[in-house]
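Hello,

I am passing on the structure we spoke about. Please look it over; my notes follow below.

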Amino acid sequence: MGRLVVVSNRLADPRKSAAGGLAVALGDALQRTGGLWFGWSGTVTEGGASGEGALRTRQAGNVTLATVDLCREDHESYYLGYANSVLWPVFHYRLDLADFNASYIAGYRRVNQMFARKLMPLLRDDDILWVHDYHLIPLAAELRALGCRQRMGFFLHIPVPPPLIMAAIPQHDWLMRSFFAYDLVGLQSEADVSHFTRYLGNEAGAQELGAPEPGGQRLRAFGATVQVQAFPIGIDVDEFTRLTHAAEAVETCESMRSEYSRRRLLLGIDRLDYSKGIPQRVRAFRELLQRYPENERSATLVMIASPSRDSVHAYADLRQELEGLCGAINGDYGELDWMPLRYIHRTVARKRVPGLCRAAAVGLVTPLRDGMNLVAKEFVVAQDPEDPGVLVLSRFAGAAEQLKEALLVNPYDTQGMADSIQTALQMPLAERQRRHQKLLARIREQDVHWWRQAFLQALEQAGDDADRAHLAGI
């Protein structure tokens with residue numbers, strides 16, 4: 001394999017464990033090839049020209065980190081606008097929250113064109129490019145327009161909506177056509193592959209050429225062929241296991257068990273995002289207390305919702321709704337020595353997360369829609385195999401395709417979710433152990449390193465397509 005070039009909206013120093021499992025996994029391959037990681041610096045400059053940004057490079061070991069600044073106008077139209085006010089809500093099935101401002105798409109295209117111009121002089125002939133996520137869907141087409149003929153793969157970390165929802169995006173045909181400038185498109189789940197394939201069949205008359213691998217498909221449209229395949233992303237199991245047994249996590253677990261020695265802990269850890277189904281989870285917990293009064297003074301829900309885009313109205317409204325729901329439950333059910341719900345709107349140090357998970361009898365991971373959801377996998381890995389907690393998981397999380405031994409729930413069904421939480425609280429030890437063993441084995445088999453290797457191997461084997469050149473600059 002030639003040098004690996006990773007392109008993402010944001011990047012991190014892969015040598016630092018705080019960078020997260022994805023950065024560490026990509027870092028392994030980048031270090032081996034002396035690779036390049038390119039993306040936005042995170043800096044927003046005032047008064048700069050749109051479509052321009054200062055390029056800076058630095059070394060992280062033998063990995064080159066290359067970053068570009070964004071001016072205020074580009075940040076607002078590309079990042080806050082098209083990426084997070086159009087693509088994010090639509091891909092999570094929330095057309096009601098999408099802002100189809102016509103000016104956003106111009107900024108989105110302008111920044112992708114600028115990224116391509118800045119990246120192109122840094123490339124070598126034998127590079128293999130791996131582009132990440134919804135911010136950069138048209139990047140390959142812009143690179144092709146500049147003469148880039150290197151092999152390029154794309155991985156979408158968020159879900160793909162059904163065809164009719166996708167078709168609600170203005171100029172959706174342009175957006176989806178740009179996928180055909182890649183050699184390989186990786187998606188989180190087989191459901192995503194199905195939605196993607198159906199959209200292109202319905203809207204573009206794409207021809208299905210057969211599946212190269214289970215969970216995949218080769219599609220022919222716009223005079224080009226692209227391979228589409230499911231690669232469910234995993235976590236670094238060994239690293240998270242190490243964190244679970246480190247001093248900070250052990251201290252957190254022991255502290256929580258001491259503080260709540262007479263309670264059964266339920267745990268939810270999310271970003272405060274409307275896709276996570278947090279208000280629905282709180283309503284289900286209230287239903288649990290109503291339907292199963294034996295949980296009063298016994299069960300406590302610890303819910304951590306870290307800040308996320310507080311300046312966006314939809315997120316401010318969500319926070320206000322959530323605080324009202326939590327206050328109402330504590331007001332209606334709380335006692336002097338028992339608060340049923342502990343709500344924390346802060347980011348908890350990552351080193352303490354495994355300890356929180358290990359102390360919990362039930363993990364509640366109940367998004368309305370999620371590409372994968374790695375918290376579900378982290379909860380399982382953190383458990384004591386001799387006395388494991390139970391994972392209650394939304395069927396609408398991508399992780400549900402793999403984690404079938406979890407208690408799968410419909411987060412829109414408040415009563416059904418309450419019943420499942422009660423089942424989790426009452427589950428016998430032998431069944432908890434059996435479910436945990438199977439879940440852990442699957443998570444370990446398809447960890448983040450498997451994900452990286454599977455994607456890069458498929459990209460190396462993806463067939464060249466000489467017809468792809470005419471898609472440049474679409």
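Predicted model: local features only at pLDDT ≥ 70, side-chain atom pairs only at ≥ 80, totals over all residues.

The largest nonpolar core has 100 residues, and Y82, L87, F115 and F196 touch the most other members. Helix α2 (residues 72–91) supplies the largest share of this core, nine residues. Another core, of 58 residues, lies apart from it and includes V302, A376, V380 and L393.

Strand β4 (residues 63–71) is largely enclosed by the rest of the structure, because nine of its nine residues are buried. V63, L65, T67, D69 and C71 point one way from β4, while T64, A66, V68 and L70 point the other way; all are buried.

β4 pairs with strand β2 (residues 36–45) in the parallel sense over seven bridges, and C71 is the bridge partner of T45. With strand β3 (residues 55–60), β4 pairs in the antiparallel sense over six bridges; here L65 stands opposite R58. Two residues separate the strands in the hairpin of β3 and β4, where G61 has a positive phi near 70°.

Zero disulfides were found in a search of the whole structure. For C253, the closest cysteine sulfur is that of C357, at 10 Å, which is too far for a bond. C357 is likewise in no disulfide. C253 is buried, with a relative accessible area of 6%, and C357 is buried at 1% relative accessibility.

Regards

Key. Residues numbered from 1 in each chain as written. Heavy atoms only, no water. Core = buried A, V, L, I, M, F, W, Y, C linked by side-chain atoms within 4.5 Å. Buried < 20%, exposed > 50% of the residue type's maximum accessible area, 1.4 Å probe, protein only. Helix = DSSP H or I, 4+ residues; strand = E, 2+ residues; numbered from the N terminus. Disulfide = S-S within 2.5 Å. Pairing = 2+ DSSP bridges.
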